[in-house]
Amino acid sequence: MKLQRTDILVLGGGAAGIAAASAAADTGLDVTLVEKNGYAGGKATAAEVGTICGLYRFSFDSADYIVKGFARDFAEELRIRSGTTPLSNASGLHYLPYHIDVFKQYSYELLNTKGVRVFFHSHVTAVTVKEKQVNAVFIHTQDEGEIEIRPRIVIDCTGESTVARLADLTVIRSEHYQAAAQVFTLQGIKETHEGKLGLILMKELRMAIQQGKLDHYFDRVYVVQGSLHDGTVSLKIGIPVPVTYCPGNLDALRASAFDFIYRLTTYLKENVAAFKEVTIEHIAPEVGIRVGQRTHGRYVLTEEDVLGCKKFPDAIADCGWPIEEWEQDRRVHMRYFEPEEFYQVPARCLRANGIDNLYMGGRNISATDGAIASARVIGICLQTGYAAGRLAAAQLQGISADSIIEEIQLGAVYSS
Ligand SMILES: Cc1cc2nc3c(=O)[nH]c(=O)nc-3n(C[C@H](O)[C@H](O)[C@H](O)COP(=O)(O)OP(=O)(O)OC[C@H]3O[C@@H](n4cnc5c(N)ncnc54)[C@H](O)[C@@H]3O)c2cc1C
């Protein structure tokens, strides 16, 4: 088996993994990233979520960045390349629509220009831990078969705490996971106003449910904001099958999503004027699973921290997004803190308990169910991923974590 050594191994090339690898590579260290898909972006591209939340202040004023440094630069570049502007809702939330292919392309460019060694189409198969250190990570690659990677530090950005699960470390499991969703795109829409299209959908589907023409869960259909262009629109459906992570669950979710999409499209085409000529343009490659297991860290961010807008001396992320819960039997449920307020994520949420060389970024940081329902949005994943990359590099270079945390708080982006 081929043996590969690296300073920092980033697992997962979603928003958090891209940020972590970029941050670590900027310091001149040797960085390797492993991603099971053939492209970067994770849920942002594979599940086609379509908007970035958590970038701006929670405020009734216009969209004003709350994120600094890398996350802000990344969002600005994406905004310019996508040709989009932030959207706002009546609750004071702001979010940035982006183009899926632009996200893929820009992420790829970043990894490439920073010299990150990337294994696409590759996944982690096993992990060994010795004396409080992740000692080796085994991956299966499409081109080179099995590879053993010996990293000095690992950053788990897989969204599912892959290292902790494979190494039998403590994980934070949910009793029930948030509902999964599937995004798909229709073409041939006759309505040109996105807000009006959303209202038509809601009214027509509720009526069809009342009349017994559609099942009760058909009210869980949402327009992906900012997606209506030239007669095409992306819709997000809440899949009526619980997320369990048991064998076969992903297939069941996918089958249910396809059935939902087919029945919904047929109903709309036959019954609703704005949809009379629609056809399915495409279906996002991945089912949108929102929450996975989190690695138990040196601090567990709680729902009380989020709603109480707790601040920490070792803060590495400022977060202006509420708790957003998608449950199986109802539409989305939001729990807010005060407008203009924000909470912070401490650096301790990015470090595994009892393991010296394991960091986490993105939606598998150390947080309770309630807290991750806020901290999983892309704007926050970019911040935690970036901080994990900087802190991991600092550990190897003998630089104090406190000085790096101070730089992150000031919004400084590393430049060598
Ligand atoms: C339906 C849906 C709608 C959403 N809407 C929004 C929204 O509008 N705005 C917003 O900001 N957020 C939204 N979110 C949340 C957000 O998209 C995600 O929480 C965020 O993108 C997670 O980023 P991440 O990098 O932590 O994880 P991910 O994006 O999940 O990235 C993890 C990466 O790791 C890879 N991976 C996993 N396991 C392995 C393995 N064993 N080996 C190798 N690679 C592996 C995966 O392929 C993936 O690329 C939504 C999520 C869903 C599901």
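Reader: Which residue is the bridge partner of T185 in β13?

Author: Good place to start! The bridge partner of T185 is S234, which belongs to β13. Bear in mind that we are looking at a predicted model.

Reader: How do β11 and β13 pair, and over how many bridges?

Author: The general idea is that strands of a sheet pair through backbone hydrogen bonds, and the pairing is either parallel or antiparallel. Here, β11 and β13 pair in the antiparallel sense, over seven bridges.

Reader: What is the order of the strands in the open sheet?

Author: The sheet has four strands in the order β12-β13-β11-β14, with antiparallel pairing. At its edges are β12 and β14, each of which pairs on one side only. From one strand to the next, the twist averages 35 degrees.

Reader: Now the helices, please. Where does α6 lie?

Author: Helix α6 lies across β12 and β13, and it runs at about 170 degrees to β12. Helix α7 packs on the sheet too, touching β11, β12, β13 and β14. The direction of α7 makes about 35 degrees with that of β11.

Reader: What span should the 17 residues of α6 have?

Author: Count 1.5 Å a residue: α6, residues 194-210, should span 24 Å, and its end C-alpha atoms are 24 Å apart, which agrees.

Reader: Which residues of α6 are buried?

Author: They are L197, L201, E204, L205 and A208. Seen down the axis of α6, these buried residues fall within an arc of 95 degrees, so they line one face of the helix.

Reader: What covers the buried residues of α6?

Author: The cover includes β12 (221-223), β13 (232-238) and α7 (249-271).

Reader: And which residues of α7 are buried?

Author: There are several, among them N249, L253, A257, F260, I261, L264 and L268. The buried residues of α7 pack against α6 and against β11 (181-187), β12, β13 and β14 (279-283).

Reader: One last thing: which residue with positive phi follows α6?

Author: That is G212, with phi near 75 degrees.

Notes
Residues are numbered from 1 along each chain as its sequence is written. This is a predicted model: local features need pLDDT of at least 70, side-chain atom pairs count only at pLDDT 80 or more; totals for chains, interfaces and linings use all residues. Side-chain values use heavy atoms; hydrogens and water are left out. Helices (H or I, at least four residues) and strands (E, at least two) are DSSP runs, numbered from the N terminus. The expected span of a helix is 1.5 Å times one less than its number of residues. Buried means under 20% relative accessible area, exposed over 50%, partly exposed in between (1.4 Å probe, protein chains only). The arc is that of the directions from the helix axis to the C-beta atoms. Contact means heavy atoms within 4.5 Å. Two strands pair if DSSP finds at least two bridges between them. Axes are lines fitted to C-alpha atoms, for helices over the stretch in contact, and angles run from 0 to 180 degrees between N-to-C directions.
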